[in-house]
Amino acid sequence: MTDSSKPADSSRRTAIALTCGAGAVGGVAVAIPFVSTFAPSERAKAAGAPVEVDIGGMKPGELKRVEWRGKPVWVVRRTEEMLATLEKTEPKVADPDSQRTAYPTPDYAKNQYRSIKPEYLVVVGICSHLGCSPVEKFNAEGDPSLPGDWEGGFLCPCHGSTFDLAGRVFKNKPAPDNLEVPPHMYLSDSRILIGEDNKA
């Protein structure tokens with residue numbers, strides 16, 4: 001039985017303090033590598049980084065495909081004829097003003113063209129129904145899956161959703177929303193940055 005009235009041995013106190021200190025240092029040494037695994041890898045950072053697109057050499061009516069965050073993004077340089085179809089398709093699309101959407105449409109794309117500059121359309125090429133990738137159908141070319149009055153746009157081959165040349169979904173189609181407009185901005189007349197905009 002120990003006498004609790006006697007003061008504790010100072011060497012014992014020192015040993016306890018040193019043991020606690022060593023345990024704390026060891027705990028920190030183990031925690032640092034563990035916590036650092038929560039930081040995104042260089043590959044993950046690169047996958048989420050903005051993508052710069054050169055549009056300088058695009059011809060009117062051309063579609064350019066790029067990848068941003070693992071998603072296909074389309075840049076379409078629309079012709080005057082393509083732009084003229086948007087007024088005709090407006091009464092036929094389900095959400096002409098991009099109000100009902102699972103992903104917010106940037107303010108600069110809440111217009112008839114769904115773009116900053118009418119000539120260029122920038123959209124994510126994934127159907128809002130089940131994630132298939134639509135194909136461009138800029139003219140009907142006798143395609144029986146397209147209506148006789150087809151003005152041009154995009155057709156999802158999985159379930160038949162159709163989108164006009166602004167990426168707006170037509171009424172009574174499986175897709176609930178328009179094609180997504182990603183954040184983007186013009187760095188110059190010939191370069192677009194996808195993934196960032198001035199308001200972000």
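For a disulfide I need a pair of cysteine sulfur atoms within 2.5 Å.

Before going on, I note that this is a predicted model, where local features need pLDDT of at least 70, side-chain atom pairs count only at pLDDT 80 or more, and totals for chains, interfaces and linings use all residues. Residues are numbered from 1 along each chain as its sequence is written, and side-chain values use heavy atoms, with hydrogens and water left out.

**Cysteines**

Cys 127 is buried at 4%, and Cys 156 is buried at 3%.

Then I searched the whole structure for disulfides and got one. It joins Cys 132 to Cys 158, with the sulfurs 2.1 Å apart. The two cysteines sit 26 residues apart in distant parts of the chain: Cys 132 is in the loop between strand S4 (120–124) and S5, and Cys 158 is in the loop between S6 and S7. My strand labels are DSSP runs numbered from the N terminus (strands are E, at least two residues; helices are H or I, at least four). The S-S torsion comes out at about -105°, so I've put this disulfide down as left-handed. Cys 132 counts as buried at 18%, whereas Cys 158 is partly exposed at 39%.

**The sheet with S5, S6 and S7**

I followed those strand labels to an open sheet of three strands, ordered S5-S6-S7 with antiparallel pairing. Pairing here takes at least two bridges found by DSSP between two strands. Between S5 and S6 (residues 153–155) I find three bridges. Glu 136 stands opposite Phe 154 in S6.

**Salt bridges**

Glu 136 turned up again in my next search, in a salt bridge with Arg 65 (2.6 Å, N to O). My cut-off is a side-chain nitrogen of Lys or Arg within 4 Å of a carboxyl oxygen of Asp or Glu. This pair also links distant parts of the chain, Arg 65 being in strand S2 (residues 63–68) and Glu 136 in S5, 71 residues apart. Arg 65 is exposed at 52%; Glu 136 is partly exposed at 29%.

How many salt bridges does the structure hold? I get nine. One of them pairs Glu 52 with Arg 191, closest N and O atoms 2.4 Å apart. Glu 52 is in strand S1 (residues 51–54) and Arg 191 in strand S9, 139 residues apart. Both are partly exposed, Glu 52 at 43% and Arg 191 at 28%. Asp 54 joins these two in a salt-bridge network.

Arg 168 and Asp 164 make another salt bridge, at 2.8 Å. Arg 168 is buried at 0%, and Asp 164 is buried at 0%.

**Asp 197**

Last entry: I looked at Asp 197, in the segment after strand S9 (191–194). Asp 197 is buried at 13%. Its side chain makes a 2.8 Å polar contact with the side chain of Tyr 108. I count a polar contact as N or O atoms within 3.5 Å; within protein, one must be able to donate a hydrogen and the other to accept it, and residues adjacent in sequence count only if both atoms are side-chain atoms.

Technical notes
Buried < 20%, exposed > 50% of the residue type's maximum accessible area, 1.4 Å probe, protein only.
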